[in-house]
Amino acid sequence: EYLDVLKDLVSAGIFFRAKTTLGYSCSACTVVSVWAPQLYIFSEPSSLKSVRKAYWPILDLKAFDATQPASDSWTQIGTLRAVYLGMLEKCDELSRPHRQITAIGEDLLQVGAGLAFTLFTPQAFSSFIVCTSVFSGIKAILTLVMR
């Protein structure tokens, strides 16, 4: 996800460098689309909970009782393994709400900005913008349809 933010900011710089009204607009749209979905996610309790569960699942772990005496170390290792595997299964499932919000609020806006920039400013054509628009569109479609 760090590279996704870097890609977005490089795209904003390319838009801005065109020095046209459309370039400035696309640049502003890209920068806003990076931060606006995050503000919504962090303000919505259910989305924030899904982010917390997706990235820090150990905080919601109630199946493992650390106060239980370790009578058999192999049993305890098996319990930890089962808890770990259960957390891994839930990580993808619990990441759905915030991934969909990001796909709608970030990727689709950037696809639109990239498409408008490519079509209406041919003098400032950038293959980077075309490639990132295609990949963002594919990512958004897969996130919305496949989840």
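Predicted model: local features only at pLDDT ≥ 70, side-chain atom pairs only at ≥ 80, totals over all residues.
Local features are reported at pLDDT of at least 70 and side-chain atom pairs at pLDDT 80 or more, whereas totals for chains, interfaces and linings use all residues. Residues are numbered from 1 along each chain as its sequence is written, and side-chain values use heavy atoms, with hydrogens and water left out.

A pair of aromatic rings is described by the distance of the centres and the angle of the planes. Rings of Phe, Tyr and Trp (its six-membered ring) are taken to pair if their centres lie within 6.5 Å, and planes under 30 degrees apart count as stacked, over 60 as edge-to-face and the rest as tilted. A search of the whole structure on this basis finds 2 aromatic pairs. In one of them, the ring centres of phenylalanine 15 and phenylalanine 117 are 4.8 Å apart with the planes at 65°, so the arrangement is edge-to-face. Because phenylalanine 15 belongs to helix 1 (residues 2–17) and phenylalanine 117 to helix 5 (residues 96–120), this pair ties together parts that are 102 residues apart in sequence; helices here are DSSP runs (H or I, at least four residues), numbered from the N terminus. Accessibility is classed as buried under 20% relative accessible area, exposed over 50% and partly exposed in between (1.4 Å probe, protein chains only). Phenylalanine 15, at 2% relative accessibility, is buried, and phenylalanine 117 is buried with a relative accessible area of 1%. Phenylalanine 16 and tyrosine 24 form a tilted aromatic pair, with 4.9 Å from centre to centre and 55° between the planes, and tyrosine 24 is partly exposed at 36% relative accessibility.

With a salt bridge defined as a side-chain nitrogen of Lys or Arg within 4 Å of a carboxyl oxygen of Asp or Glu, the structure holds 4 salt bridges. Lysine 7 is joined to aspartate 4, with the closest N and O atoms 3.5 Å apart, and to aspartate 8, with the corresponding atoms 2.8 Å apart. Aspartate 4 and lysine 7 are 3 residues apart in helix 1, and are therefore separated by about one helical turn. Lysine 7 is buried with a relative accessible area of 17%, while aspartate 8 is buried at 0%. A further salt bridge connects aspartate 107 with lysine 139, the closest N and O atoms being 3.5 Å apart. This pair links distant parts of the chain, with aspartate 107 in helix 5 and lysine 139 in helix 6, 32 residues apart. Salt bridges that share partners join Asp4, Lys7, Asp8, Asp107 and Lys139 into one network, within which aspartate 107 is buried at 1% relative accessibility and lysine 139 is partly exposed at 34%.

In helix 6, the buried residues are Ile129, Thr132, Ser133, Ser136, Gly137, Ala140 and Thr143. Seen down the helix axis, the buried residues of helix 6 fall within an arc of 140°, so they line one face, the arc being that of the directions from the axis to the C-beta atoms. The face turned away from this buried side carries the exposed residues Phe135, Ile141, Val145 and Met146.

A nonpolar patch on the surface includes Phe135, Ile141, Val145 and Met146, and its residues together have about 990 Å² of accessible area. Patches are made of residues with over 30% relative accessible area and no salt bridge, like charges being joined within 9 Å and nonpolar side chains (Val, Leu, Ile, Met, Phe, Trp, Tyr) within 5 Å; accessible areas come from the Shrake-Rupley method with a 1.4 Å probe. Helix 6 (127–146) and helix 5 each supply at least two residues of the nonpolar patch, and helix 6 gives the most, with 8 residues.
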